[in-house]
Amino acid sequence: MAEIIITLFQPSMLESWLRCRALAYMRSAFNDEITGEKEAAPDNKSLSLVALINGKVIGIADIILLKDSLKRTKEYNLQPHTPLATLDTMAVHPDYQGQGIAKVCVKF
């Protein structure tokens, strides 16, 4: 297999990103979330990672930082100021599923 590169999403990757998400979601419970848009989130409150092979997006991990994390750290019995986030989008192109791509994105 070619080298997998994990990097930040760039606007020039949009078509490949949309294709990856659509194919990954097509036969899943998330198929109603297939759209022609990538949801916008403030740069300082989100992180959008992609896994690339030969310039093609084969994996997606979009992370959103949660607001009011001080209050929520108490709810979850965590130390104050522990950063909290949610994994908003996790998708792997069907041709690359089962090869650890999602794991690599999350560990990045």
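Which residue in E4 is the bridge partner of Ala 61? In E4, Ala 61 has Met 90 as its bridge partner.

The model is predicted, and local features need pLDDT of at least 70, side-chain atom pairs count only at pLDDT 80 or more, while totals for chains, interfaces and linings use all residues. Residues are numbered from 1 along each chain as its sequence is written, and side-chain values use heavy atoms, with hydrogens and water left out.

**The sheet**

Helices (H or I, at least four residues) and strands (E, at least two) are DSSP runs, numbered from the N terminus. Two strands pair if DSSP finds at least two bridges between them. Strands of a sheet pair through backbone hydrogen bonds, either parallel or antiparallel. Here, 4 strands form an open sheet in the order E1-E2-E3-E4, with antiparallel pairing. Strand E1 (5–8) and strand E4 (85–92) are the edge strands, each pairing on one side only. Two of the pairings are listed below.

**The hairpin and the helix**

The hairpin of E2 and E3 has 2 residues between the strands. Asn 54 lies in the loop between E2 and E3. Asn 54 has a positive phi of about 50 degrees although it is not a glycine. Buried means under 20% relative accessible area, exposed over 50%, and partly exposed in between (1.4 Å probe, protein chains only). Asn 54 counts as exposed because its relative accessibility is 73%.

Ser 16, in contrast, is buried, with a relative accessible area of 14%. Ser 16 belongs to helix H1 (residues 14–25). A polar atom of the side chain of Ser 16 lies 2.8 Å from the backbone nitrogen of Val 57.

**The largest pocket**

A pocket is an open set of points on a 1 Å grid over the protein atoms alone, where a 1.4 Å probe fits, with protein on both sides within 12 Å along at least five of seven lines; lining residues have an atom within 4 Å of a point. The largest pocket has a volume of about 370 Å³. Of its 16 lining residues, the closest to the centre are Phe 9, Lys 38, Ala 41, Ser 46 and Ser 48. Strand E2 (46–53) and strand E3 (56–65) each supply at least two residues of this lining.

Key
Grid points are joined across faces, edges and corners, and a volume is the space filled by probe spheres set on the points. A polar contact is a pair of N or O atoms within 3.5 Å; within protein, one must be able to donate a hydrogen and the other to accept it, and residues adjacent in sequence count only if both atoms are side-chain atoms.
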